[in-house]
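Here is a short report on one protein model. Keep the sequence and the 3D view open as you read.

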Amino acid sequence: MQPAVLPSNEEPVCELADEEQLAEVLQQSGAKWVVVEFSAEWSAACQAMRAPLDRVALERPEAAFCRVDINKLPKTASREGATRVPAYAFFWNGNREAEFSGASDRKLREVMATCIELGPLSR
């Protein structure tokens with residue numbers, strides 16, 4: 001099993017490598033937003049959203065950003081209910097607070113801004 005690593009300045013979005021790594025990242029993150037992108041290599045929409053997600057990750061250092069390839073980590077995708085790609089889940093203290101699916105840079109920025117401005121629902 002790979003050790004969980006939160007994103008760094010060199011890699012603004014960490015690529016999760018094994019089925020347990022998401023749980024580790026959520027546990028490590030504490031009181032910090034974690035944004036998870038569920039994607040697939042074969043999806044043109046997912047490939048189109050790679051650069052926008054990287055940019056948002058660089059603009060929002062107060063959050064951690066991760067990618068889950070649904071073909072490489074099918075159990076994680078299934079456990080998190082990722083049935084469409086790209087899909088995004090926003091976690092606070094390990095709790096899913098927001099989610100959406102679709103290739104929309106605007107929607108990604110809106111949901112991220114709402115999460116940060118309004119805070120988590122589970123407080």
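## A bridge within a helix

Which residue forms a salt bridge with R106? The partner is E110, and the closest N and O atoms are 2.7 Å apart. Keep in mind that this is a predicted model.

Both residues belong to helix α4, which covers residues 105-118. They sit 4 residues apart, about one turn of the helix. R106 is exposed, because its relative accessibility of 54% is over the 50% cut-off. E110 has a value of 38%, so it counts as partly exposed.

The whole structure holds 11 salt bridges. One of them joins R67 and E15, with an N to O distance of 3.4 Å. This pair links distant parts of the chain. R67 is in strand β3 (residues 63-69), while E15 is in strand β1 (residues 13-15). The two are 52 residues apart.

Is R67 buried or exposed? R67 is buried, because its relative accessible area of 2% is under 20%. E15 is partly exposed, at 44%.

## A covered strand

Now turn to strand β4, residues 87-92. How many of its 6 residues are buried? The count is 6, so the strand is mostly covered. In a regular strand, side chains alternate between the two faces of the sheet. Here, both faces of β4 are covered. A87, A89 and F91 are buried on one side. Y88, F90 and W92 are buried on the other.

## Neighbours of the strand

Which strands does β4 pair with? One is β2 (residues 33-39), joined to β4 by 6 bridges. These two strands run antiparallel. Across this pairing, E37 stands opposite Y88.

β4 and β5 form a hairpin, with 2 residues between the strands. In the turn, N93 has a positive phi of about 50°.

## One more bridge

E99 and R96 form another salt bridge, with N and O 2.8 Å apart. How accessible are the two partners? E99 is exposed, because its relative accessible area is 53% and the cut-off is 50%. R96 has 30%, so it is partly exposed.

Note on methods
Residues are numbered from 1 along each chain as its sequence is written. This is a predicted model: local features need pLDDT of at least 70, side-chain atom pairs count only at pLDDT 80 or more; totals for chains, interfaces and linings use all residues. Side-chain values use heavy atoms; hydrogens and water are left out. A salt bridge is a side-chain nitrogen of Lys or Arg within 4 Å of a carboxyl oxygen of Asp or Glu. Buried means under 20% relative accessible area, exposed over 50%, partly exposed in between (1.4 Å probe, protein chains only). Two strands pair if DSSP finds at least two bridges between them.
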